[in-house]
Each structure stands twice: as C-alpha cells, then as structure tokens.
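Work through the exercises below with the sequence and the 3D structure open. Try each task before reading its solution.

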Amino acid sequence: MTPATDPRGPSPAPPPRLIATDLDGTLLHDDKTVSARTVAALAAAEDAGIEVFFVTGRPARWMGVVSGHVHGHGLAICANGAAVVDLHSGGTLLTVHPLERATALGVVRTLGTIAPGTTFGVETTGGFHHEPAYPTLYADEPGTIVAAAEKLLQDGAVGGAPVMKLLAQHPELAPDTFHALAREHIGSLASVTRSSAGALLEISGPGVSKASTLARCCAERGISAAEVVAFGDMPNDVEMLRWAGTSYAMGNAHPDVIAAASGRTVANNEDGVAVVIEQILRERS
C-alpha cells in the first residue's frame, strides 16, 4: 500500500533559536579578526532572541579573540566539545569531558607503532605541554612542561589537571591519510578529528565532539536540533553540521564538510556567517 502524500508538502523548518559557529576558518578572518559586519550580525541575532554559541577546537585561554563579542549568555564550547566555558567570567570552565590518561597512553603507544615519527602535545585544563620534537607555532606559555608523552600522561603529572585533548603530529603523512589511519586503529578508544591544514590530529575522550556537547547544551535549554543553525569548515565540524537542523559549509571548507552540510555560504574572509545571519533576520522581519 502506498503511503498517503500530504498535499501541503513538507512542514517548514521551525525558526532558529540558536546559532552554533566554529571560529577559525569560519567566523574569523584568516588574520584571526572578527569583522565589523560579523560583530553586528551576532549582536542583531541575540537582540532578535537567537542564542549564539561559539563552538571551537580552541582551549578556553585562546578565546580572547571573541570574548569581547559575546552578548547574552556568553557560553562557548571549547576543545572540540571537551569543555563548556563562561566567557563573561573570563573563561571559567563550567563542564569538562576529559580524556582519561590511561586511554591517552594507549593512543600514544598505538600511534607510535603504526605511524613512527608521530610527536605529541597534551592539552589540559591548566595549559599545554608537549614532547621536545613536537612543532609548536608559538613560544611556550608559562608553566609549559616539555617531556615525553608517557611522562606527561602519568597519573599526577602536569599538576594532575584533566586532559582535554591529545594532539598528534606527523611530519610526513598527508593530513587525510593520517586521520584515516588513526581512526581505523584508535577510533574505538577515543574520538579522532582534525582542524589543521597539516597532519595534526586532535584526540578527545570517546564520544566527545562538538556535536555531543552542543546537543547536551541545547537539551538543557529545550532547544531541538531542528532549531539550530550551524557553521563550519573543517572535519572537526562534521558531526555538528550533521546534527544541526540547518548547517552551512564555508566557501573555503574541506570536502567532507561540504558533503555533511545542508547548505553552503561564502568564505570566512567574505563574512559567510554574517551573510546567512542577515538573511535569517530578514526572513523573520
């Protein structure tokens, strides 16, 4: 028996109640600034009653680039879902979903076997620590410990601070090749993703992602996935874009992101997030 077809067509999507946006390569220009147009669009969205969540791979201490542009709730999801942060209070950690040290040690040993030459960094709630050969983009922060990953991940090491994510860098493998290899061999132990142009993996606790933490935050507010509009550009955004009722890949997005999103906007340097927010607000007026 053929199911009856509703002559009215599909139900329209509910009005958005929350905008979830990645930062680097998405909301931010390549020079790590937020344009005046984007600042205005974010403020207008919150004035219209739409919450804005920054959802990023960045740790809480790197949120200064946008902390001056929060308006209402002031919350952000950091470290690919490992932490929820209150930006109004200067980055107070409200929730942490850590990577257990024993699991991280297992990951280090496995990647060291299947991808010799891999070096590691350890992001904790207290700061960033790394192996001597790990290539850092910036000068070490105060309190950074440089040591073998096995030492950094010992119980009680680095002040006993919870591990938010493990970073693994390979000097020769292609980024997508390294990502696929790691997911095949350690995907049952931890969540593996990437957001860098290079062969740099970001490894979180099992089941921890931007999507899982965003879904939890939305449920606490009575917001359904259908009421969320999400933006992203790299593989660490894929689960979030698939979860949200409406999602946009940036014009500069990775192919996996384009495949996952329900729509596409222009590139980050062309204010692609602001373009969509402005359209949403026009349709509401």
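Predicted model: local features only at pLDDT ≥ 70, side-chain atom pairs only at ≥ 80, totals over all residues.

**Exercise 1. Do the second largest pocket in the same way, and state which element gives the largest share of its lining.**

Step 1. The volume of the second largest pocket is about 250 Å³.

Step 2. Its lining has 15 residues, with P14, P16, T246, I280 and E283 closest to the centre.

Step 3. Two or more lining residues come from each of β11 (228-232), β12 (246-249) and α10 (272-284). The largest share is that of α10, at five residues.

Step 4. By class, this lining has 10 nonpolar, two polar and three charged residues.

**Exercise 2. Compare the span of helix α2 with the expected value, then state what its buried residues pack against.**

Step 1. α2 covers residues 36-47, which is 12 residues. From first C-alpha to last it reaches 16 Å, close to the 16 Å expected at 1.5 Å a residue.

Step 2. List the residues under 20% relative accessible area. In α2, the buried ones are T38, A41, L42, A43, A45 and E46.

Step 3. Look for their partners: these buried residues pack against β1 (18-21), α1, β2 (51-55) and α10.

Step 4. Look past the helix. G49 follows α2 and has a positive phi, near 90°.

**Exercise 3. Explain why β10 counts as largely enclosed, and name the strands joined to β10 by bridges.**

Step 1. Five of the five residues of β10 are buried, so the rest of the structure largely encloses this strand.

Step 2. Separate the two faces. L200, E202 and S204 point one way, L201 and I203 the other, and all are buried.

Step 3. Take β8. Four bridges join β8 to β10 in an antiparallel arrangement, and L166 has I203 as its bridge partner in β10.

Step 4. Take β9 (residues 191-193). Three bridges join β9 to β10, also running antiparallel, and T193 is paired with E202 of β10. A hairpin of six residues connects β9 to β10.

Conventions:
Residues numbered from 1 in each chain as written. Heavy atoms only, no water. 1 Å grid on protein atoms, 1.4 Å probe; cavity = no way out; pocket = protein on both sides within 12 Å on 5 of 7 lines; lining within 4 Å. Points joined across faces, edges and corners; volume = space filled by probe spheres on them. Nonpolar A, V, L, I, M, F, W, Y, C, P; charged D, E, K, R; others polar. Expected span 1.5 Å × (residues − 1). Buried < 20%, exposed > 50% of the residue type's maximum accessible area, 1.4 Å probe, protein only. Contact = heavy atoms within 4.5 Å. Pairing = 2+ DSSP bridges.
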